[in-house]
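Hello,

Here is the structure we talked about handing over. Please open it first, then read the notes below.

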Amino acid sequence: MPKTSNSVGLTQTKYFNIEDKILLESGKEFGPIQVAYETYGTLNDDKDNAILLLHALTGDAHAAGYHDENDKKRGWWDDMVGPGKAFDTDKYFVISSNMLGGCSGTTGPCSINPETQKPYALDFPVITIEDAVKVQKKLVEFLGVKKLIVAGGSMGGMQALEWSITNADMVDSVIIIASTSRLNAQGIAFNAVGRNAILSDPYFNNGNYYGEEKQPEKGLAIARMVGHITYLCEEAMHKKFGRRFQYSDKPNFDFNIDFQVESYLEHQGKTFVDRFDANSYLYITKAVDYFDLAQKHGSLKAAFEKTNSRFLVMSFTSDWLFPTSQSKEIVQALIKAGKDVSFCEIESPCGHDAFLLEFETQTKIVKSFLSKGEDNA
Amino acid sequence: MRKASDSLHLNYTVITNIIEQGSKVLDLGCGNGTLLKMLVEEKQCSGLGVDINQNNVIESIQKGLSIVQGDIDEGLKEFGDKEFDYVILNQTLQTTEKPDYVIDEMLRSGKKVVVSFPNFGYWRVRFYLFFKGKMPKSRLLSFHWYDTPNIHLLTVADFFEFCKERNIKITKSVYIKRGKISKNPFNQVLTNLLCEEALFVIER
């Protein structure tokens, strides 16, 4: 058990049910919905010290701490969440939930459709970032929160932006890390390759693979491999693997794994299959692709005119999936809309993954931003 | 011995005195945010800083300021016309790649512009070059020729000419010599010789 003094310790995923149907952005109604969530820290009497953390593509509700004594893996943002950390659980009531369409406790394509008593599979409606936020809003209201801070990296940043626009009166501050107001064509292209890998797996069976002996594992693993390439960068890959061979110091002259980088991708693909659902991957990447604030509101400036929040935007120098130029687009539109914004491009060789790795610099910045300079980390 | 930082501090005080209570200010090349913080605290200004350096950005955020990391040579496109009461460029003009463009952009986005720079026409600077035959170094110009960020050094006379050519009005001038404000308004030739550092408020 990787115990540290400033850990939130043992945590538990809880569940909240939305019985009524909600109206989706596509015009369809959908429900009931179960939401998996975790909370750390305590909500104050004014109910305004909440921070909602929004996970990236394949994250879950388990953002901090560990689930049992033998748990080797901490929550996905454990470096940033805990007593005295960036998201200080001594001060704040921190909430994290699994996204709508996910596969870690919140209703998604692998959930049982109450009407058929079978998993939804591709009968699950196509969802959007706005829909996910709508569900999170219900959770936050259920928890009694009146004012909150929203924070997220990558897809989580998209949700944070959406929060600030659709729930302007509730959101005090927004932290956007390595994110964008719309994915560029290159980003959509990589997601499309991932989806194609899944859709063309012989065991995909039009999404109806639940309970079958054979699963679309190969397709999902390839989708993850493509994803991992985009999360790193040339420098990070070179440092991590170079051209080193995995098992010997010379080529095998066959098509099995030769290079360390191949082995790494295969490992990432294999372990991903154990924890993620192929249908969820389709739905969530689609939601990410559809997200486009400028298109939806006429312009990015028009979108941000609707917010009442103060913003912190961060990007990383080596992130080519969500490049600094896209963060700057957000910052410039916020300035044009007359909003309070700070922006920092953090020097990092870690690619897009930096938002989960470069926690020391992020901690300094986030703490100062949240305390408005009163708590100099 | 006086240090460059004392002189900077005097600068800050001068600028803080010039700027009216509650102004909306944009501080370009704001460094670690010391001046902006003074303006926010002492003059209740609402302010935004811009700096290119990550550590400066972090230090400014730690002071509770709003700051955007960016390169002022790329322009101020995100700022609307006359959006700020004051745009400040303190001791930074000579480090920009396109000073003329930067000044144009400042005059566009600000009602008034505060600009300050070390005067390369100062007699000590002239003497340094004349007698030593080497690129001048001083408290305000502390770098070697090869590592200096000051790539567009100018004199007060250059600045007068620049403003005249472009119909830029100088509404206030403050001359600083050896860490003190020079009270006597010299004629322009003498000013260029005797002031070590100049600060102007300009408008168009």
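**Domains of chain A**

The C-alpha centres of domain 1 and domain 2 of chain A are 26 Å apart. Bear in mind that this is a predicted model. Domain 1 of chain A is made of two segments, 14–184 and 292–371, and domain 2 of chain A covers 188–283. Where they touch, domain 1 of chain A contributes 22 residues and domain 2 of chain A contributes 16 residues. Look at the domain 1 side of that contact: 14 of its residues are nonpolar, 7 are polar and 1 is charged.

**The helix pair α3(A) and α4(A)**

Two packed helices are described by the angle between their axes and the distance between the axes. Helix α3 of chain A spans 185–199. Helix α4 of chain A spans residues 217–231. Their axes come within 7 Å and cross at roughly 165 degrees. Angles over 145 degrees count as roughly antiparallel, so α3(A) is roughly antiparallel to α4(A). The crossing of α3(A) past α4(A) is right-handed.

Which residues meet here? From α3(A) come Phe190(A), Val193(A), Gly194(A), Ala197(A) and Ile198(A). From α4(A) come Gly219(A), Leu220(A), Ile222(A), Ala223(A), Val226(A), Gly227(A) and Thr230(A). By class, this contact holds 8 nonpolar and 4 polar residues, with no charged ones.

**Chain A meets chain B**

The contact between the chains takes 14 residues from chain B and 20 residues from chain A. On the chain B side, α3 (54–62) and β3 (67–69) each supply at least two residues. The most come from α3(B), which gives 5 residues. By class, the chain B side has 6 nonpolar, 6 polar and 2 charged residues.

**Backbone points to check**

Most residues other than glycine have a negative phi, and most peptide bonds are trans.

- The peptide bond from Gly31(A) to Pro32(A) is cis, with omega near -5 degrees. Pro32(A) sits in the loop between β3 (29–30) and β4 (33–40) of chain A.
- Ala178(A) is not a glycine, yet its phi is positive, about 45 degrees. Its loop runs between β12 (171–177) and α3 (185–199) of chain A. Ala178(A) counts as buried because 32 C-beta neighbours lie inside 10 Å, where 20 or more are needed.
- Gln91(B) also has a positive phi, about 60 degrees, without being a glycine. Gln91(B) lies in the loop between β4 (84–90) and α4 (99–109) of chain B. Gln91(B) is buried, because 21 other C-beta atoms lie within 10 Å.

**One more residue: Met155(A)**

Met155(A) belongs to helix α2 of chain A, residues 155–166. Is Met155(A) buried or exposed? Met155(A) has 26 other C-beta atoms within 10 Å, so it is buried. What does Met155(A) touch, leaving out residues up to four places away in sequence? Its contacts are Ala56(A), Leu57(A) and Val288(A). Ser280(A) is 125 residues from Met155(A) along the chain, and their C-alpha atoms are separated by 14 Å.

Best wishes

Conventions:
Residues numbered from 1 in each chain as written. Chains lettered and ligands numbered in written order. Predicted model: local features only at pLDDT ≥ 70, side-chain atom pairs only at ≥ 80, totals over all residues. Domains from an automatic or database assignment. Contact = placed C-beta atoms within 7 Å. Nonpolar A, V, L, I, M, F, W, Y, C, P; charged D, E, K, R; others polar. Helix = DSSP H or I, 4+ residues; strand = E, 2+ residues; numbered from the N terminus. Buried ≥ 20, exposed ≤ 12 C-beta atoms within 10 Å, placed from the backbone. Axes fitted to C-alpha atoms, helices over the stretch in contact; angles between N-to-C directions. Parallel < 35°, antiparallel > 145°, perpendicular 65-115°, else oblique. Left-handed = near helix turned anticlockwise from the far one by under 90°.
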